[in-house]
Structures are given as C-alpha cells and as structure tokens.
Amino acid sequence: STHSVCEKMAAKTEYPNQTVVSHFFLEGLIYTAEHPSLFLLLFLLIYSITMMGNLLILITVGSDPQLSSPMYHFLGHLSFLDACLSTVTVPKVMAGLLTLDGKLISFEGCTVQLYCFHFLASTECFLYTVMAYDRYLAICQPLHYPVAMNRRMCAGLSGITWATGAMHSAIHTSLTFHLPYCGPHHIAYFFCDIPPVLKLACADTTINELVMLANIGIVAAGCLILIVLSYVFIVAAVLRMRTAEGRQRAFSTCTAHLTVVLLYYTPPVCIYLQPSSSGVGAGAPAVFYTIVTPMLNPFIYTLRNKEVKRALRRLLCLGCRESPAGSPPH
C-alpha cells in the first residue's frame with residue numbers, strides 16, 4: 001500500500017546505511033539489443049585493439065633506451081591508464097550482449113566499477129596536465145629542463161596524479177553510495193556512473209549533484225586552464241624559434257597531446273554538466289571517451305611522433321633480425 005511505501009521510504013531516510021537493493025540491472029547501450037552479436041564482435045575488436053596498442057606502447061617505452069625522456073615516462077602511464085579504463089567498462093558491456101544475466105551487477109560490484117572508473121578517469125585528467133607542464137618545461141626552458149624534470153620529479157608527479165585520482169574518486173563514491181537505494185534497480189546506462197546511479201536513490205540527491213558539478217567542474221576546469229596556459233607559452237616559444245625544423249619538431253610532440261586532450265575533455269562536459277539528461281540514449285559521448293579514445297590514443301601518439309615510430313620499428317624488426325641469426329646455414 002501507499003502507507004507502507006511511505007514508511008519504507010522514511011525508514012530508508014532515517015537509516016541511510018541500510019540497503020535494500022542487492023544488485024542493479026544495466027540496460028546497456030541503445031540499439032545494441034537489435035543486433036547483439038554484431039555489437040559483441042565490434043566491442044571485442046575495439047577492446048583487442050585497445051589492449052594490444054597500449055601494451056605495445058608500454059613495451060616500446062619500457063624497452064627502448066632512446067625513449068627514456070620524461071615525456072615517454074608519462075606516455076607509459078597514459079597507456080596503462082587507457083588499458084585499465086577500457087577494462088573497467090568494455091568486458092561488462094560484452095557480457096551484457098552475451099546473456100541477460102550479464103547485465104546484472106551486484107551492489108558491491110557497481111560500487112567498485114564506479115570507483116575504478118572515476119579513479120582512472122580523474123588520474124588521466126591530472127596526467128594530461130602534468131604532460132602539458134612537461135612540454136612547457138622542455139620547449140620554454142630547455143636549459144633548465146634536465147634539472148627540473150629529473151627522475152625523482154617524474155616519479156613524484158606520477159605518484160601525485162595517482163594519489164589525487166584515488167582520493168577524488170573516493171569522495172564521489174562514498175557520497176554516491178551513502179544514499180539509500182531501495183528500488184528501482186534498472187540503471188539506464190551501460191556502466192555504473194554517478195548521474196544514472198543517483199537517479200535510483202531513495203533520497204534527495206540535490207546536494208550530491210551540486211558536489212559532483214562543483215568538484216568535477218573545478219578539477220576539470222582547473223586542469224584545462226593549466227593545459228591552455230602551458231600551450232600559450234609553448235606556442236609563443238615555438239614561434240620565436242629560428243629554424244623550421246625546430247618548430248616542426250616542437251609542434252609534432254605537442255599536437256598528439258593536444259589531440260588526446262580534446263578527445264578526453266569534450267564528451268565528459270556533455271555528460272556531467274547535464275546530469276539529468278543521462279540515460280540509455282545519452283551513452284554515445286561516454287562510449288567515445290571510455291571505449292573509443294583509449295583505442296585511438298596509441299595510434300595518435302604513434303602517427304604523430306617520429307621517435308615512437310622508429311622505436312616501434314626497432315622493436316618489431318628485432319625478431320626479424322634475430323631469427324635468421326639463429327637459423328642453421330643452408
């Protein structure tokens with residue numbers, strides 16, 4: 001009855017740590033239900049390319065001594081983040097395309113997925129800022145660069161990005177799942193994210209939405225402002241260079257970073273600035289930066305960076321050179 005429902009709602013508000021919902025149902029992406037096998041193959045292909053591309057970048061950066069500069073140190077972190085970010089969402093999407101039970105996710109699993117997603121995504125946001133600062137030092141202060149961006153500084157900045165991302169995600173996850181969830185349990189999305197999960201809460205979510213907008217907005221805007229400022233100084237320094245070769249080399253190392261920054265920042269703005277519009281139909285922007293961008297990043301850095309291309313050739317040709325040496329003479 002209506003009276004019992006009201007009593008239940010009141011009880012849930014009074015005891016927010018109690019949870020009636022034990023699992024959620026991920027409704028998935030729009031249109032995928034019509035051709036599940038086709039989309040399963042598509043996502044499997046995308047995931048395979050993502051993992052192979054980022055793993056190849058990681059191996060190349062880690063094994064080639066000519067890629068020991070800080071820029072490639074941070075590129076290795078980015079590749080690892082992209083591989084993990086894709087792993088948080090894509091396998092669950094594929095499971096949902098295989099069986100109906102694959103769309104189910106436990107309350108604890110949803111909590112872990114939301115935490116991991118925002119941990120990795122926010123860490124990537126901070127890492128892009130650090131990479132822009134690295135390019136600023138390398139181009140605008142080349143004499144000071146080896147001292148300012150030494151190994152200790154690289155390790156410290158990398159550690160700070162990971163720690164800050166973990167703390168940032170912990171705040172959002174605790175605020176989201178501190179609310180009572182007593183039904184319904186259908187998430188109109190393809191993974192557990194803050195806006196669609198908040199819609200299912202049995203309490204007022206105004207404060208959560210304000211905190212989400214303020215926190216994510218301030219962090220994202222702050223990082224973006226720092227990146228833009230870095231590139232204002234970089235462009236000014238590049239234009240003062242006397243040789244065309246120097247300008248071309250400087251721009252080639254920066255255009256890849258700028259491209260991935262644009263790919264990263266544009267979709268989340270559409271999602272988190274309009275939390276009420278999140279739903280099955282609003283999944284397209286999220287698909288782009290959670291599934292497509294991690295696949296594109298290795299190609300962007302490979303195609304736009306001559307040093308990475310040369311290192312990849314050396315790595316891929318290593319086996320070609322070793323096999324004739326080990327084969328018996330004819």
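Number the bonded cysteines of the protein chain in sequence order, and the pairing reads 1-3, 2-4. The model behind this is predicted. A search of the whole structure turns up two disulfides. A disulfide is a covalent bond between the sulfur atoms of two cysteines.

Take Cys 110 and Cys 192 to begin with. Their sulfur atoms are 2.1 Å apart, and they form a disulfide. The torsion about the S-S bond is -125°, and the link is left-handed. This pair connects distant parts of the chain: Cys 110 belongs to helix α4, while Cys 192 sits in the loop between β3 and α7 (194-198), 82 residues apart. Cys 110 has a relative accessible area of 0%, so it counts as buried. Cys 192 is buried too, with 0% relative accessibility.

The other disulfide joins Cys 182 to Cys 202, with an S to S distance of 2.1 Å. Here the torsion about the S-S bond is about -135°, so this disulfide is left-handed. Cys 182 lies in the loop between α6 (151-177) and β3, and Cys 202 in the loop between α7 and α8 (206-239), so the bond ties together parts that are 20 residues apart in sequence. Cys 182 and Cys 202 are both buried.

Cys 125 is in no disulfide; its nearest cysteine sulfur is that of Cys 223, 3.6 Å away. Cys 125 is buried, with a relative accessible area of 4%. Cys 223 is buried as well, with a relative accessible area of 7%.

Next comes the sheet. It is open and has three strands in the order β2-β1-β3, with mixed pairing. Strands β2 (104-106) and β3 (186-187) are at the edges and have a single partner strand each, so one side of each is left without a neighbour in the sheet. Strands of a sheet pair through backbone hydrogen bonds, either parallel or antiparallel. Strand β1 (residues 23-26) and β2 run antiparallel, joined by three bridges. Within this pairing, Phe 25 has Leu 104 of β2 as its bridge partner. Helix α4 packs on the sheet and touches β1, β2 and β3, its direction making about 85° with that of β2.

Leaving aside neighbours within four places in sequence, Phe 24 is in contact with several residues, including Leu 104, Ile 105 and Phe 107. Its contacts also include Tyr 181, Ile 187 and Leu 200. Cys 110 is one of its contacts too, and that cysteine is the disulfide partner of Cys 192.

Aromatic rings complete the picture. The structure has 15 aromatic pairs. One aromatic cluster is formed by Phe 24, Phe 107, Phe 177 and Tyr 181.

Definitions and conventions. Residues numbered from 1 in each chain as written. Predicted model: local features only at pLDDT ≥ 70, side-chain atom pairs only at ≥ 80, totals over all residues. Heavy atoms only, no water. Contact = heavy atoms within 4.5 Å. Pairing = 2+ DSSP bridges. Helix = DSSP H or I, 4+ residues; strand = E, 2+ residues; numbered from the N terminus. Axes fitted to C-alpha atoms, helices over the stretch in contact; angles between N-to-C directions. Phe/Tyr/Trp six-rings, centres within 6.5 Å; stacked < 30°, edge-to-face > 60°. Disulfide = S-S within 2.5 Å. Buried < 20%, exposed > 50% of the residue type's maximum accessible area, 1.4 Å probe, protein only.
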